[in-house]
Amino acid sequence: MVNGISVFAMRPRLWSTKLIALGAFISLVLIYYTYSTSEFSFRLPDWSSVFTGRQRSTCLPEAWADGQWVYNPRTNLSSISGTEDALAMAGFQGCAADREYTWHLGTDHEEEWDRFPGVNSYEWVPSSQCNINPLNGASMVRHMVEKGGWLLLGDSITEQHFFSLSCILYPHVRATPNYTENPYFDRAWVQNIYLSPTSPLLADLNLPAGFSIETTPLVTFHRVDLLFNQDDLDAIYRRTLIPEDSFGLDSEQDLTNKTLFSEERAWSMSPSEYMPKFLGDPEFNYGTLVVSTAGHWTTTLMSAFRDEEAGDEAGYGIANVKSFFEIAMREWAYQVQEAIRSYRSRGGRRPKQVVVRAYLPGHEDCRNRHEPWIEIEPYQWRWYNWPWIQDFNDIFKSILASPEFPDIFFLPIDRPGRLRPDAHASGDCLHILTGPGVIEGWSHYIWHFVSREVAGRIR
């Protein structure tokens with residue numbers, strides 16, 4: 001029985017009809033196997049979705065993250081003599097963005113060149129449960145033009161994501177501002193990737209109405225460390241800290257003069273500023289908002305929560321920051337989802353989705369690590385908030401598991417990066433190089449997710 005109707009009542013009465021139906025089915029199967037591995041796969045429908053209203057996943061984020069690093073060099077080079085060799089080892093033709101170009105690619109310190117080609121010779125192989133097309137910059141450009149670009153919000157790690165994207169999409173794109181001409185531009189100034197007027201893809205692209213090669217960005221990066229500005233967070237802090245003892249504070253304490261933030265520098269922007277840009281500004285063509293946060297949720301920046309008596313093992317009150325993070329991110333999700341609902345109620349038709357990339361912590365002793373890990377190793381020390389980053393990710397994931405936020409997705413795709421202590425940029429053990437595949441993997445999976453997983457949903 002299907003929906004109360006006998007399946008046998010619907011069967012053909014003549015064998016000739018059955019044979020015609022069987023032949024049609026075999027033809028579909030042959031078409032599927034012919035095209036399923038091509039760049040634009042033709043896929044048979046998931047028949048279960050006809051009855052459940054759901055699209056079968058081809059690669060859940062957990063399946064993507066449940067893989068391993070496999071040694072797979074892209075060139076025969078055994079050493080490098082400069083940045084061009086590092087690019088070749090990463091499989092890049094070049095990069096459109098130019099801010100701290102050699103730092104991003106790991107060639108700024110010649111004494112560290114001995115880590116090449118090894119650091120750029122590994123490929124992430126996801127779980128066998130994943131059916132995912134290879135990373136292809138030209139196909140990503142096409143999707144961003146025709147289905148909507150990406151707006152990236154986050155800290156310096158997200159800026160690295162922007163730089164990596166400029167390499168993946170090259171030579172079909174150009175980037176601004178030009179830091180070579182003026183290296184004194186602020187690191188947090190808005191950066192954009194545009195379609196290049198010399199791209200060979202131009203002749204075959206279906207440019208949306210109003211799309212300008214000159215002014216419509218494919219990717220934009222804004223430095224937004226906390227997803228709110230500090231005034232927003234201060235208002236949430238004062239509104240929700242009753243009873244204050246839930247954050248380890250004296251319930252009789254007068255909060256009117258209590259300052260949430262220290263003098264530590266942070267870059268911020270309010271959802272009231274970036275959501276209109278994402279959703280409605282006619283000069284933009286965004287389809288996906290990509291955010292990531294946790295690195296700056298510390299007891300040194302949010303000094304109101306710092307508890308010296310708690311000591312190093314307890315992160316000097318990091319539990320207080322995590323409690324506030326949960327309140328703030330729930331408020332953020334509510335504001336973002338409401339903005340999308342309002343956009344649709346006003347007649348907005350372009351698909352809009354928000355993806356939250358799990359934050360990637362740093363590695364201890366990264367300079368003495370020269371190959372990927374098989375399993376994530378535990379922390380020995382309490383540097384920054386790194387040992388608690390997983391807690392922040394779990395909090396955000398739990399919030400977004402609610403059906404209250406149908407257009408905001410948490411992507412737990414941090415494990416590949418956590419297995420790469422060897423892939424850090426010079427100078428610290430937090431920032432990741434462009435080229436080893438960690439950041440490129442974020443772009444690969446997000447592109448897959450928004451083009452196939454989200455696009456296949458039945459709303």
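I started with D365, which is found in the loop between β8 (353–357) and α11 (389–400). This is a predicted model. I looked up the phi of D365 and got a value near 55°. That is positive, and D365 is a residue other than glycine. I then checked how open the site is. D365 has a relative accessible area of 33%. It is therefore partly exposed, since that class runs between 20% and 50%.

Why flag such a residue at all? Because most residues other than glycine have a negative phi.

Next I went to L227. Its phi is near 70°. Again the value is positive and the residue is not glycine. I located L227 in the loop between β6 (217–223) and α8 (230–240). Is L227 buried or exposed? L227 counts as buried, because its relative accessibility is 0% and the cut-off for buried is under 20%.

Then I turned to the peptide bonds.

I noted a cis bond from F116 to P117, with omega near 5°. P117 sits in the loop between α5 (101–105) and β2 (122–125).

I noted another cis bond, joining Y170 and P171. Omega there is about 15°. Where does P171 lie? I placed P171 in the loop between α7 (156–168) and β4 (173–176).

My recap by site follows. L227 is buried with a positive phi, while D365 is partly exposed with a positive phi.

Notes: Residues numbered from 1 in each chain as written. Predicted model: local features only at pLDDT ≥ 70, side-chain atom pairs only at ≥ 80, totals over all residues. Heavy atoms only, no water. Helix = DSSP H or I, 4+ residues; strand = E, 2+ residues; numbered from the N terminus. Buried < 20%, exposed > 50% of the residue type's maximum accessible area, 1.4 Å probe, protein only.
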